[in-house]
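Hi everyone, thanks for making time this morning. I'd like to walk you through one structure, so please have a look at it with me.

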Amino acid sequence: MKKPGGGGGAAVDKKRSRRSYGESSTETPPRKQAAKKDVFQIFAEKVRDHKNLESRWAVLQETRVEYFRGKDFVSFLRNHPDLKNILESDRNLEIEDIGDILLRKNLIVRCDRVVKTLRPGKKKLSTWPAHLELFSEQVFSDNDAFFAWTFVNRWPLWQTLLSFFWPVLTIAICLFPVYPHRCKLFILYFCAGLLLLILTLLLLRAFVFGSLWILLGKRVWIFPNILAEEATLKELFQFWPKKDEDERPKWTARLFYTIVAVVVILLLRHHAPDEAARARYQKRVSNIIDDVLEWSPSLALSGMMEKQTVFNATDPDSNVTDGSKTTTEQTAQPEDVEGDIITDEHEVEQPIENSEDTDHQ
């Protein structure tokens, strides 16, 4: 006989096992949880790669780091609130709280400027210091606070392609002598034009800066980021600089540098080469360029073959030495003949002198 309630107990156990299996299936396995990337890591990468967040490079404990200012971070997130959607459930957090979480997760670190005193002639500290040090309190702030990224940023696709392109460019430069003549001319004129453009731009910058500094006391560098180590393409070709916030130079300094500039110009004009020297230099440079452009592997191989044929056409070493001996003997014979003629002349002169002496006696 079956026990009462036995079947019911088995049914309850099956229901419990099904319920436990269903609950376990809804939960995320620990491996998948570990594989899931942190939303704050994704948020930090998006913010760092964004072009509207202004950043610079500096040296922190002998390491180059990319850093930003706290006030720029606050204004950036206020202007781009859609980036907070990456944080999912934490999208409603305040900007200061997001900064503190990034600090706790070691995605950023708070820094401070190394030079905290004003330099002579400066009204305020540098906006973007080149040397940083760790700040004692790792708390987010937008009051003259700097924060450096601690993670390594992923390389974009164009940098990866460029890393493969550099070896190809190096090999192409090494193979320049074997290029066709027209290709050599194109590369020569292109490089010469590019170099002339760069030198003209630098000289124009210096002329504009010196003229405005001497006449008006203003520090104006056109194309201010043209020599910057880290700059975007838009910043690199920025024409007009930002407002000059430094102290205006004294008139004595402007007068002194005016005199120095005039003296240097007069010295360069006095010691400038004349037309003949310029023509000689131009001819020398043109000869060098012609040698480079006209060289080709076929000419080099033909020259080597001509040397080889000339070497094979010569006599063996023994014949060469015999021939050299005969030539030396032939060259020595005229000297001996001349010696004999000279001795004969002396012999003829001696009897004449003796005859003169006898006549006097």
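The average pLDDT for the protein is 77, and 71% of the residues score at least 70. Where should we be careful? Over residues 1-35 the pLDDT stays under 50, and the model has one contact there beyond four places in sequence. The story repeats for residues 318-361, with pLDDT under 50 and one such contact. Where pLDDT is low, the predicted coordinates should not be read in detail.

Now to the barrel. It is closed and has five strands, in the order S1-S2-S5-S3-S4, with mixed pairing. From one strand to the next, the twist averages 55°.

Next, helix H3, which spans residues 39-49. How many of its 11 residues are buried? Eight of them are, so the helix is mostly covered. Among the buried ones are Phe 40, Phe 43 and Val 47, but also Gln 41, Glu 45 and Arg 48. The cover over these buried residues includes S1 (56-60), S2, H4, helix H5 (95-104) and S5.

Here's a residue I'd like you to click on: Pro 129, in the loop between S3 and S4 (131-134). Is Pro 129 buried or exposed? Its relative accessible area is 9%, so Pro 129 counts as buried. Leaving out residues up to four places away in sequence, Pro 129 touches Ala 58, Tyr 67, Arg 113 and Phe 146. Arg 113 is 16 residues away in sequence, yet the two C-alpha atoms are 6.2 Å apart.

Last stop, a helix pair. The axes of H7 (residues 181-215) and H10 (residues 275-294) come within 9 Å and cross at roughly 135°. That angle makes H7 oblique to H10. H7 brings His 181, Lys 184, Leu 185 and Leu 188 to the contact, while H10 brings Ile 289, Val 292 and Leu 293. By type, the residues of this contact are five nonpolar, one polar and one charged.

Conventions
Residues are numbered from 1 along each chain as its sequence is written. This is a predicted model: local features need pLDDT of at least 70, side-chain atom pairs count only at pLDDT 80 or more; totals for chains, interfaces and linings use all residues. Side-chain values use heavy atoms; hydrogens and water are left out. pLDDT is the predictor's confidence in each residue, from 0 to 100. Contact means heavy atoms within 4.5 Å. Axes are lines fitted to C-alpha atoms, for helices over the stretch in contact, and angles run from 0 to 180 degrees between N-to-C directions. Helices (H or I, at least four residues) and strands (E, at least two) are DSSP runs, numbered from the N terminus. Angles under 35 degrees count as roughly parallel, over 145 as roughly antiparallel, 65 to 115 as roughly perpendicular and the rest as oblique. Ala, Val, Leu, Ile, Met, Phe, Trp, Tyr, Cys and Pro count as nonpolar, Asp, Glu, Lys and Arg as charged, and the others, Gly among them, as polar. Two strands pair if DSSP finds at least two bridges between them. Buried means under 20% relative accessible area, exposed over 50%, partly exposed in between (1.4 Å probe, protein chains only).
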